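Have your viewer open and your selection tool ready. We will go from charged contacts to aromatic rings, one stop at a time.

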Amino acid sequence: MDGLTFKQIDASGVEDWLAGLREDLVSKTYRPDPVRRVMIPKPGGGERPLGILTIRDRVVQTAAKIVLEPVFEADFEDSAYGYRPRRSAIDAVKEVHRLLCRGHTDIVDADLSKYFDTIPHAELLRSVGRRIVDRHVLRLIKLWLRAPVEERDGDGKRQMSGGKGHKRGTPQGGVASPLLANIYINRFLKHWRQTGRGKAFRAHVVSYADDFVILSRGRADEALAWTGAVMTKLGLTLNEAKTSVKDARREGFDFLGYTLGPRHLPNGGRWYLGASPSKKSVQRVKLRSANCLCQATRTPGTKCGHD
């Protein structure tokens, strides 16, 4: 395992290190190192797995992403905003707000269950292969998808999983993972457009990777039923506990850190459809501010309630 640090690579010579990595790639002897998995807290509670790659694998994945991203950008649907050049979460929120104000107020607030962990490798590679024919690049992607996963239990004991028998998932934290996730969710978005679902359900989809909403004029229930069936065919699952149909004229819904829905002008004024940072987002900002204040004012070596 090439778990070298930046300091070690600098000491041995960056050019020599890169030359060795290039030789491994040219000679087809390159194999990805195990991905270290750690659990990080989710804003809404629970934990999310994060995959930490070695510097060596991050360099290779970054180089591949630079070449591959423009190829797939040409094929991505306009309704997709996540992890794309010159697009952001704010752009997605603005588009949702625009559609709300145009009367698309029947909402499917959707959530995919463990999307990154459940993407089927065979179908994903088939999607990649529709635009990439270089077998060496396809081999690289397959190696990344099936890289071993290293975890540590409560006693610090090393445990290995994944490997060749692993058939699903791409690690969150991998450089190539956001692009691969976009490639696969694009199958849903493209199918939506090609089958005329927008017209049939009088609706639009706004997607940020696995986080998406459907904004309809009165046909949200039909859109949800259709979406659930399509996701099943793709080998994915809608999280029933977090997916719901809402009337944005009467109740708010959260999307990418914002709450969108009905607002009232001060002093009992008229209502309107607005957007503002969600309570969870505000709480995170307050917690970070409190942590910064504690770190700036406390005595070195002591702890506070935010540690």
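Start by selecting Arg-56 and Asp-33: they form a salt bridge, with the closest N and O atoms 3.3 Å apart. The term stands for a side-chain nitrogen of Lys or Arg within 4 Å of a carboxyl oxygen of Asp or Glu. Arg-56 sits in helix H3 (residues 55-73) and Asp-33 in the loop between helix H2 (14-26) and strand S1 (35-41), so this contact ties together parts that are 23 residues apart in sequence. Helices (H or I, at least four residues) and strands (E, at least two) are DSSP runs, numbered from the N terminus. Both Arg-56 and Asp-33 are buried; buried means under 20% relative accessible area, exposed over 50%, and partly exposed in between (1.4 Å probe, protein chains only).

A word on what you are looking at: this is a predicted model, where local features need pLDDT of at least 70 and side-chain atom pairs count only at pLDDT 80 or more, while totals for chains, interfaces and linings use all residues. Residues are numbered from 1 along each chain as its sequence is written, and side-chain values use heavy atoms, with hydrogens and water left out.

Next, select Glu-73 and Arg-84, whose side chains meet in a salt bridge at 2.9 Å, N to O. Glu-73 belongs to helix H3, and Arg-84 to the loop between H3 and helix H4 (89-101), 11 residues apart. Glu-73 is buried at 18% relative accessible area, and Arg-84 is buried at 9%.

Now try Asp-247 with Arg-250, a salt bridge of 2.5 Å, N to O. Are its two ends buried or exposed? Asp-247 is buried, at 14%, whereas Arg-250 counts as exposed, at 65%.

For a network of salt bridges, select Asp-75, Glu-77, Arg-131, Lys-190 and Arg-193 together.

On to the rings: Phe-188, Trp-192, Phe-201, Phe-212 and Trp-226 are linked by ring pairs into a cluster. Rings of Phe, Tyr and Trp (its six-membered ring) pair if their centres lie within 6.5 Å; planes under 30 degrees apart count as stacked, over 60 as edge-to-face and the rest as tilted.

The structure holds seven aromatic pairs. One of them is Phe-188 with Trp-226, a tilted pair at 6.0 Å centre to centre and 40° between the planes.
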